[in-house]
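The sequence and the model are shown first.

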Amino acid sequence: MSRIKNHLVADAKLDSEKIIELKNRNEQFLINNGRRKTYHILTYGCQMNEHDSEKISGMLTSIGYVETDDEKNADLVIFNTCLIRENAELRVFGKLGEVKGLKKNKPDMIVAVCGCMMQKQEIRDKVLEKFSFVDIIFGTNTIHELPVLIYNVEIKKEKSVDIVDNTDLIYEDMPKLRKFKYKALVNITYGCDNFCTYCVVPYVRGREKSREPEDIIQEIKILAEDGCKEVTLLGQNVNSYGKNLNVEFTFAQLLYEINKIEGIERIRFMTSHPKDLTDDLIKAIQECDKVCKHLHLPVQSGSNDVLRRMNRKYTKEHYLTLVEKLKKAVPDIAITTDIIVGFPGETEEDFLETLDVVKKVEYDSAFTFLYSIREGTVAAKMDDQVPDEVKHDRFNRLLEVLYPIILEKNQKCIGKVFPVLVETAEGDELTGRTEHFKLVHFKGSKDLVGEIVNVKITDVKTFHMKGSIVIA
Ligand code: SAH
Ligand code: SF4
Ligand code: F3S
């Protein structure tokens, strides 16, 4: 079937003359110094950024760099930044301050800053002014340009800034150095069109673009052939996948297709927006045996007034109906969420509505946030900002309600056996996750990393469980 692509897909420029020259220099560096040049990436923010860092690693590997676990030993340090909340931004600036001292002693070290913060002109200007030692600045749409930017610094001795604001061009065919062999992140959409009034993502990641289904399926088939068992499909709102494709193709359809891929045993996805959670999708979650029984469904607030001013486009009642449908379709489904407290104008009554949702849904886990003013968003201009002490008080009261619920849900797992995908090993201490996304620690051989084993739960805390392997 041939059809017009809704976006252009381009390769990273890894075979241009400049890059070949850079690769040759790096090989010469190895001969002269007995070691390869090293890089270290500091990744802030969400899985989108984590996955972008895997692409950056892939490109650097293909031009002759190796990774090092500390910026102190690195010839190239890259900050992959996030600005979702003020503290994310402050952490980056704090660390840049530390690296300034390092660069004084190692003037040849290249420092690059990329990611969501760099998509904002004011922040770029601040970095260029206050951290003038930074050699390279690039954005979320120009990751593929990194080798050329390194060339400019190393060979032409030029500081490089490369930002593209919003683009239809998607660069997909970049080499990726995946952190884990047995699990992988796969982009299905880029950007966001929802403009929740508190959020910077639509401004820094641009308009929503869906990848072609066959490109996604092909990528996952290759991953499966490479031994990958679990894929996490990434998008700011995966439920709206396909809306801007030239053919009719929904997220539910995509799940059915991925479910057929041999070798893939678990399918996860992030994030689901409640406004686009259709009955078809619930049916797909129920029918696709590889789709994990876990849904991350950010509620943000339980108050209809706050939800309206957040531009979330659903009500508390609609959200609760969705949860009911999900629990009916998949009785032991784990539901997790994101909650913001202290959105502008949030009253005590509004906050109590949020507590009510928490009690009714009985979340398995939740990310809880204090509302953070983000320059340029609609909510930043709302004049009834909630005082800090009120925000903190509500935040603490939220946790007092939430944590016992999470613990109680975990306690129900005691004595039960769950298949766990073993993710890491420290000596004989293994860590993995159940289908429900619960973290489990247990003893076993490190050879089991990447395997799915049966674990009987013996003890639980709020954020993890302990167990022991059972041999069938
Ligand atoms: N696209 C995802 C969320 C991405 S951001 C979704 O819509 O669910 C992850 C979470 O950060 C959001 O769900 C929200 O809870 C939180 N968040 C975003 N902007 C925020 C802000 N300005 N202050 C506090 N929390 C925020
Ligand atoms: Fe931000 Fe809303 Fe888009 Fe999520 S859906 S990224 S919260 S604007
Ligand atoms: Fe942060 Fe950008 Fe993700 S702002 S949360 S890294 S999309």
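Where is the place of Gln300? The model under discussion is a predicted one, and in it Gln300 sits in the loop that joins strand E14 (294-296) to helix H10 (304-310).

Most residues other than glycine have a negative phi, and most peptide bonds are trans.

Thr271 is found in the loop that lies between strand E13 (266-270) and helix H9 (279-287).

## Helix H4 and its two sides

Helix H4 comprises residues 121-130, and within it Ile123, Arg124 and Val127 are buried. These residues are on the same side of H4, because they cover an arc of only 105° around the axis. An α-helix has 3.6 residues a turn, so residues three or four places apart point the same way.

Glu129 and Lys130 are exposed on the other side of H4. The buried residues of the helix are covered by elements including helix H3 (86-105), strand E6 (136-138) and strand E7 (160-162).

## A three-stranded parallel sheet

Strands E14, E15 and E16 form an open sheet, in the order E14-E15-E16, with parallel pairing. E14 and E16 are the edge strands, each of which pairs on one side only. From one strand to the next, the twist averages 10°.

Strand E15 (residues 334-341) is joined to E16 by six bridges, and the two run parallel. Among the residues involved is Thr337, whose bridge partner in E16 is Ala366.

## Arg266 in strand E13

Is Arg266 buried or exposed? Arg266, which lies in strand E13, counts as buried because its relative accessibility is 5%. Its contacts, not counting residues up to four places away in sequence, include Glu230, Val231, Lys290, Cys292, Pro419, Val420 and Leu421. Arg433, Thr434, Glu435 and Ile452 are also among the residues that Arg266 touches.

Lys229 is another of these contacts. The C-alpha atoms of Arg266 and Lys229 are separated by 6.3 Å, although the two residues are 37 residues apart along the chain.

## Surroundings of two ligands

Which residues surround ligand 2? They are Cys192, Asn194, Phe195, Cys196, Tyr198, Cys199, Val201, Pro202, Gln236, His273 and Arg312. By class, this shell divides into seven nonpolar residues, three polar ones and one charged one.

Ligand 3 is surrounded by Gly45, Cys46, Asn49, Cys82, Leu83, Ile84, Cys116, Arg205 and Gln236. Its shell has five nonpolar, three polar and one charged residues.

Note on methods: Residues are numbered from 1 along each chain as its sequence is written. Chains are lettered from A and ligands numbered from 1 in the order in which they are written. This is a predicted model: local features need pLDDT of at least 70, side-chain atom pairs count only at pLDDT 80 or more; totals for chains, interfaces and linings use all residues. Side-chain values use heavy atoms; hydrogens and water are left out. A residue is near a molecule or strand if one of its heavy atoms lies within 4 Å of it. Ala, Val, Leu, Ile, Met, Phe, Trp, Tyr, Cys and Pro count as nonpolar, Asp, Glu, Lys and Arg as charged, and the others, Gly among them, as polar. Helices (H or I, at least four residues) and strands (E, at least two) are DSSP runs, numbered from the N terminus. Buried means under 20% relative accessible area, exposed over 50%, partly exposed in between (1.4 Å probe, protein chains only). The arc is that of the directions from the helix axis to the C-beta atoms. Contact means heavy atoms within 4.5 Å. Two strands pair if DSSP finds at least two bridges between them. Axes are lines fitted to C-alpha atoms, for helices over the stretch in contact, and angles run from 0 to 180 degrees between N-to-C directions.
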